[in-house]
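Please look at the sequence and the model below before reading on. The text then walks through them one part at a time.

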Amino acid sequence: MRHLMAWIIKFALTTFLLFVILGGFYDVSFTDVFLLSVLLTVLGYVGDVFILPRVGNLAASLGDFGLALIIIGWMGFYRFDEDVSLIGASLISSFAIAVGEWFFHKYMKNTILEREAVS
């Protein structure tokens, strides 16, 4: 149950950040924001569970930045309108996600990973 709650928090954080940045400043559709959020949440959560405990918060947050940059850039190339500054949108969104992930990783460490280590 803890993993489900953490996944929901991660999805909500990612969706909020992408909606504000991509939707608000770059006029990206909510459908595209939603699809990006699902993809980033699923791939990122796997990293949070398996990679975060091994490399620590900073490296995992940098990894989330790289993952977001690649996924947003790739999907944006195919899905965003031509007038969207893909590089700017990808960089700003990825940076915001990495900052959010820094705090999410602290939550993961304190509520999910430490409890699993004790069990």
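The paragraphs below go from the helices to the nonpolar cores and then to the charged side chains.

This is a predicted model, in which local features need pLDDT of at least 70 and side-chain atom pairs count only at pLDDT 80 or more, while totals for chains, interfaces and linings use all residues. Residues are numbered from 1 along each chain as its sequence is written, and side-chain values use heavy atoms, with hydrogens and water left out.

Start with helix α1. Helices here are DSSP runs of H or I with at least four residues, strands are runs of E with at least two, and both are numbered from the N terminus. Helix α1 has 25 residues, and its first and last C-alpha atoms are 34 Å apart, close to the 36 Å expected at 1.5 Å a residue. The expected span of a helix is 1.5 Å times one less than its number of residues. Helix α1 has a kink of about 30°, centred on Phe-19; the bend at a residue is the angle between axes fitted to the seven residues ending there and the seven starting there. Just after α1 comes Asp-27, with a positive phi of about 55°.

Some residues of this helix are hidden from the surface. A residue is buried if its relative accessible area is under 20%, exposed if it is over 50%, and partly exposed in between, using a 1.4 Å probe and protein chains only. Among the buried residues of α1 are Ala-6, Lys-10, Leu-18 and Leu-22. Helix α4 can be checked in the same way. Its 23 residues should span 33 Å at 1.5 Å a residue, and its end C-alpha atoms are 31 Å apart, which agrees. Buried residues in α4 include Ala-60, Asp-64, Ile-71, Ile-72 and Met-75.

Next come the nonpolar cores. In soluble globular proteins, nonpolar side chains tend to be buried together. A nonpolar core is a set of buried Ala, Val, Leu, Ile, Met, Phe, Trp, Tyr and Cys residues joined through side-chain atoms within 4.5 Å. Which residues touch the most other members of the largest nonpolar core? They are Leu-18, Leu-22, Leu-36 and Ile-72, in a core of 18 residues. Helices α1 (2-26), α2, α4 (57-79) and α5 (86-118) each give two or more residues to this core, and α1 gives the most, with 5 residues. Leu-36 shows how the parts meet: not counting residues up to four places away in sequence, Leu-36 touches Leu-18, Leu-22, Ile-71, Ile-72, Met-75 and Phe-80. There is also a second, separate core of 9 residues, which includes Ala-6, Tyr-45, Ala-60 and Leu-113.

Leu-91 belongs to helix α5. Is Leu-91 buried or partly exposed? Its relative accessible area is 39%, so Leu-91 is partly exposed. Contact means heavy atoms within 4.5 Å, and leaving aside neighbours within four places in sequence, Leu-91 is in contact with Phe-65 and Leu-69. Leu-91 and Ile-72 are 19 residues apart in sequence, and their C-alpha atoms are 8.9 Å apart in space.

Now turn to charge. Side chains of opposite charge can pair when their charged atoms come close. A salt bridge is a side-chain nitrogen of Lys or Arg within 4 Å of a carboxyl oxygen of Asp or Glu. By this rule the model has 3 salt bridges. In one of them, Lys-10 pairs with Asp-48, with the closest N and O atoms 2.7 Å apart. Lys-10 lies in helix α1 and Asp-48 in helix α2, so this pair ties together parts that are 38 residues apart in sequence. Both residues of the pair, Lys-10 and Asp-48, are buried.

Lys-10 also forms a salt bridge with Glu-101, where the closest N and O atoms are 2.6 Å apart. This pair links helix α1 to helix α5, with Lys-10 and Glu-101 lying 91 residues apart. Glu-101 counts as buried because its relative accessibility is 2%. Arg-79 forms a salt bridge with Asp-32, again with closest N and O atoms 2.6 Å apart. Here Arg-79 is in helix α4 and Asp-32 in helix α2, 47 residues apart. Arg-79 is partly exposed at 41%, whereas Asp-32 is buried at 6%. Through shared partners, salt bridges join Lys-10, Asp-48 and Glu-101 into one network.

Asp-48 also has a polar contact of 2.9 Å with the side chain of His-105, made by its own side chain. A polar contact is a pair of N or O atoms within 3.5 Å; within protein, one must be able to donate a hydrogen and the other to accept it, and residues adjacent in sequence count only if both atoms are side-chain atoms.
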